[in-house]
Amino acid sequence: MTWQVIVLAVVLIAALLLVSLVVKVRPPARTLPITVTSATWAPYLSEELPGNGPLAQIATEALQGAGYQPEYSFTTWPLAQQAVDDGGALGVIAMVASPERDQRFLYSEPILELRYTLFGRADDDLSHIAERSDLSGLRVARIEGYDYWEELEQSGAEFSTYPTTEDAFAALEDGDVDLVAEDFLAGQAALDGAGYLRDGSEIAEVQPTSALTTSTMDLRMLIRDSAEGRRLRSDFNASLARYRESADYDEHLSELQQGTTAVTIQGEIFDDDDPSQRLGITPQGTPAQVLEWPHEPSDGEARVRVKVLSGPWVGRVVEIRLKDVVITDA
């Protein structure tokens, strides 16, 4: 009987270890409803976009993978943060870290990066701005609820705040400000969007860039500092790390990179550094991202700078004739 007891004990221990392993790898199914607040911020977030936008889709996948079911509430950035402060929401999708927020909130791991930049009037000589040691004497428009990079904050510029990106760009065109500080993709989306009733081609990014004119920052989920919030942060970070390895995550990033300038190309392509050098021909329907349109209205022979997103030239920045470019979004 002794050996039978030993065998039974070994089997039980093995079974318990197996159960423990399964529980660790695949936690019990759970769905906890939570309220997440945000602001309309094309092309990242909007009630008008599928799944509330690529940034919301990434956050939703990570939250669902952690056992949470988010319900989104859209408002302004200041009110979104206030809702977390007041307990009306558990988190904000998504914000950058700041000294003021450090004292009151928790942050998730980075969801994705944004690139802040400065926009100016296209007919101004913007090239000298990057050469400056500061922005003294220049008027810079900020967007309400944004936190910007340190070099801009300490630049000596005269700041004014506007409720929306469209309002800031209108002030720029009217001559009330000299520059607008905004994320590059969000700025382009606003200029190309139906909500901006002016000619967006009159506004351009300051080039070349410098630490004074641009900065890359992490977008994170802002979370209430509480026991519930700490559990959410831990669960969300673990799920997000898994999701970042998936093809779906890369697809959402691709959607953002294309923004409102999603095109397909077919035809001869030329070296961006040496436009006289022909590189080859792209397959029909090759997806690409427009980096620069012709500066003036022109015929189909004018060149467009694009970044190729698929196919044999994927990742390359090339030039292609305007007649060989088809805009794919409405």
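Visitor: Where is Pro208 found?

Guide: In this predicted model, Pro208 is in the loop that runs between strand E9 (203-205) and strand E10 (214-224).

Visitor: What kind of peptide bond joins Gln207 and Pro208?

Guide: The general idea comes first. Most residues other than glycine have a negative phi, and most peptide bonds are trans. The bond joining Gln207 and Pro208 is cis, with omega about -5°. A cis peptide bond also joins Ile93 and Ala94, where omega is about -10°. Ala94 belongs to strand E3 (residues 91-95).

Visitor: What is the phi of Asn52, and where does Asn52 lie?

Guide: Asn52 is a residue other than glycine with a positive phi, near 70°. Its place is the loop between strand E1 (32-39) and helix H2 (54-65).

Visitor: How should I read the packing of H2 and helix H8?

Guide: Two packed helices are described by the angle between their axes and the distance between the axes. Here the axes of H2 and H8 (residues 227-243) come within 8 Å, and they cross at roughly 115°. Angles of 65 to 115 degrees count as roughly perpendicular, and H2 and H8 are therefore roughly perpendicular to each other. Their crossing is right-handed.

Visitor: Which residues make the contact?

Guide: From H2 come Ile58, Ala59, Glu61, Ala62, Leu63 and Gly65; from H8 come Leu232, Phe236, Ser239, Leu240, Arg242 and Tyr243. By class, the residues of this contact between H2 and H8 are 8 nonpolar, 2 polar and 2 charged.

Visitor: Which residues of helix H3 are buried?

Guide: An α-helix has 3.6 residues a turn, so residues three or four places apart point the same way. In H3 (residues 77-86), the buried residues are Trp77, Ala80, Gln81 and Val84. These four cover an arc of only 95° around the axis, so they sit on the same side of H3.

Visitor: Which residues are exposed on the other side of H3?

Guide: Leu79 and Asp86 are exposed there.

Visitor: What covers the buried residues of H3?

Guide: The cover includes strands E1, E2 (68-75), E3, E4 (105-107) and E10, together with helix H4 (99-102).

Visitor: Which residue follows H3, and what is its phi?

Guide: Gly87 follows H3, and its phi is positive, near 90°.

Technical notes
Residues numbered from 1 in each chain as written. Predicted model: local features only at pLDDT ≥ 70, side-chain atom pairs only at ≥ 80, totals over all residues. Heavy atoms only, no water. Helix = DSSP H or I, 4+ residues; strand = E, 2+ residues; numbered from the N terminus. Axes fitted to C-alpha atoms, helices over the stretch in contact; angles between N-to-C directions. Parallel < 35°, antiparallel > 145°, perpendicular 65-115°, else oblique. Left-handed = near helix turned anticlockwise from the far one by under 90°. Contact = heavy atoms within 4.5 Å. Nonpolar A, V, L, I, M, F, W, Y, C, P; charged D, E, K, R; others polar. Buried < 20%, exposed > 50% of the residue type's maximum accessible area, 1.4 Å probe, protein only. Arc of directions from axis to C-beta.
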